[in-house]
Amino acid sequence: MKRLDLVIRLEWAIMGVAAVVFYGSTGMPWWLFGLLILAPDLSISGYLAGPRVGALAYNASHILIVPVLLLLGGRMWVNAAAMAVALIWIAHIAIDRALGYGLKLSTGFQDTHLGRIGH
């Protein structure tokens, strides 16, 4: 693994840890974290309709735009549940990126914006 790849993965790992720590400050139960941490991966079922639909479904649930907006909205309206869900979602994305799972290309699940999975 190249040094820059290692730094990027470390950066995402720290982001994941931060999201988990901040989740702890929301006062929401940890069982909710356990229940929802893998929820974004349900989007993988889009691959049943082919690689293009699969990539679209997967990427829609693995980009930071929606969870960050949800986090900001939860903070603005003092909604701990919204903030908790957003932090779980951000933690999931960060852990995926730290493990090398990037946004998918329409050519197949193994092809990501970070390179091919397994290489």
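Biologist: Are α4 and α5 roughly parallel or roughly antiparallel to each other?

Modeller: Before I answer, please note that this is a predicted model, in which local features need pLDDT of at least 70 and side-chain atom pairs count only at pLDDT 80 or more, while totals for chains, interfaces and linings use all residues. Residues are numbered from 1 along each chain as its sequence is written, and side-chain values use heavy atoms, without hydrogens and water. Helices (H or I, at least four residues) and strands (E, at least two) are DSSP runs, numbered from the N terminus. Axes are lines fitted to C-alpha atoms, for helices over the stretch in contact, and angles run from 0 to 180 degrees between N-to-C directions. Angles under 35 degrees count as roughly parallel, over 145 as roughly antiparallel, 65 to 115 as roughly perpendicular, and the rest as oblique. Here helix α4 (residues 65-76) packs on α5 at an angle of about 155°, their axes being 8 Å apart. The two helices are therefore roughly antiparallel.

Biologist: Which residues of α4 and α5 make the contact?

Modeller: Contact means heavy atoms within 4.5 Å. From α4 come V66, P67, V68, L70, L71, G74 and R75, and from α5 come A82, M83, V85, A86, L87, W89, I90 and I93. By class, 13 residues of this contact are nonpolar, one is polar and one is charged (nonpolar: Ala, Val, Leu, Ile, Met, Phe, Trp, Tyr, Cys and Pro; charged: Asp, Glu, Lys and Arg; polar: the others, Gly among them).

Biologist: At what angle do α1 and α5 pack?

Modeller: Helix α1 (residues 3-24) and helix α5 (residues 80-98) pack at about 160°, with axes 8 Å apart. This pair is therefore roughly antiparallel. In the contact, R9, W12, A13, M15, G16, A19, V20, F22 and Y23 of α1 meet A84, L87, I88, I90, A91, A94, R97 and A98 of α5. The contact of α1 with α5 has 14 nonpolar, one polar and two charged residues.

Biologist: Is the crossing of α4 and α5 left-handed or right-handed?

Modeller: A crossing is left-handed if the near helix is turned anticlockwise from the far one by less than a right angle, and right-handed if clockwise. The crossing of α4 and α5 is left-handed, and α1 passes α5 in a left-handed crossing too.

Biologist: In what order do the strands of the sheet lie?

Modeller: Strands of a sheet pair through backbone hydrogen bonds, either parallel or antiparallel. Two strands count as paired if DSSP finds at least two bridges between them. In this model the open sheet of three strands has the order β1-β2-β3, with antiparallel pairing. Since β1 and β3 stand at the edges with a single partner strand each, one side of each is left without a neighbour in the sheet.

Biologist: Which residue in β2 is the bridge partner of K104?

Modeller: The partner is T112, while L105 stands opposite G108. Strands β1 (residues 104-105) and β2 (residues 108-112) pair over two bridges, and a hairpin joins them through two residues.

Biologist: How do the elements run from the N terminus on?

Modeller: The protein chain has five helices and three strands, running α-α-α-α-α-β-β-β.
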